Amino acid sequence: HEVRFVVLGVLAAPLVTGLLFGLGIYLNSIVTHHPNLGVAAMFVAFAYEFALGAALVGGFPAHFILKNRGTVGIWAYAIAGAIIGLITCGILMTTKMFSLPGHDAAGKVLLRLISFAALGAASGVTFWIIAKPRPTPGKG
């Protein structure tokens with residue numbers, strides 16, 4: 001029974017990241033007076049792919065580490081998600097696609113780090129809500 005919710009959480013939590021990322025893209029397009037829902041939808045799918053990879057490589061193991069330590073509160077999952085988001089951001093910024101040339105690169109790096117941490121935290125909380133983790137018996 002619990003395994004189904006863990007799998008569902010790993011698949012659904014990245015969707016929240018994708019939707020929030022797409023919403024940000026769409027709101028930015030409105031502010032710049034070029035609303036484009038199609039581009040935003042494309043970014044939802046794009047962000048979901050990266051977030052799913054992060055959930056499988058980082059989130060899934062983090063869940064079992066936290067659970068086995070008896071650390072199953074919402075804040076633990078939010079912090080773990082934020083850390084995974086920061087690591088994902090760092091990895092992506094090493095690629096040419098995510099490089100930040102220019103004079104204001106430091107501000108853009110900070111904005112991306114904050115954004116990825118917030119998206120990761122939202123994903124961690126979503127996972128926590130779906131999976132309802134309980135400590136491993138005899139732990140914590």
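## Cavity, pocket and core

By class, the lining of the largest cavity comprises 20 nonpolar, nine polar and no charged residues, where Ala, Val, Leu, Ile, Met, Phe, Trp, Tyr, Cys and Pro count as nonpolar, Asp, Glu, Lys and Arg as charged, and the others, Gly among them, as polar. The model is predicted, with local features requiring pLDDT of at least 70 and side-chain atom pairs pLDDT 80 or more, while totals for chains, interfaces and linings use all residues. Residues are numbered from 1 along each chain as its sequence is written, and side-chain values use heavy atoms, leaving out hydrogens and water.

On a 1 Å grid over the protein atoms alone, a cavity is a set of points where a 1.4 Å probe fits but cannot get out, and a pocket is an open set with protein on both sides within 12 Å along at least five of seven lines; lining residues have an atom within 4 Å of a point. Volumes are the space filled by probe spheres set on the points, which are joined across faces, edges and corners.

| Space | Volume | Residues in the lining, by class |
|---|---|---|
| Largest cavity | about 420 Å³ | 20 nonpolar, nine polar, no charged |
| Second largest pocket | about 160 Å³ | seven nonpolar, three polar, no charged |

Of the 29 residues lining the largest cavity, Thr17, Ala51, Ala54, Gly120 and Ser123 lie nearest its centre. Helix α2 gives the most to this lining, with eleven residues, helices being DSSP runs of H or I with at least four residues, numbered from the N terminus. For the second largest pocket, α2 (37-69) and α3 (74-93) each supply at least two lining residues.
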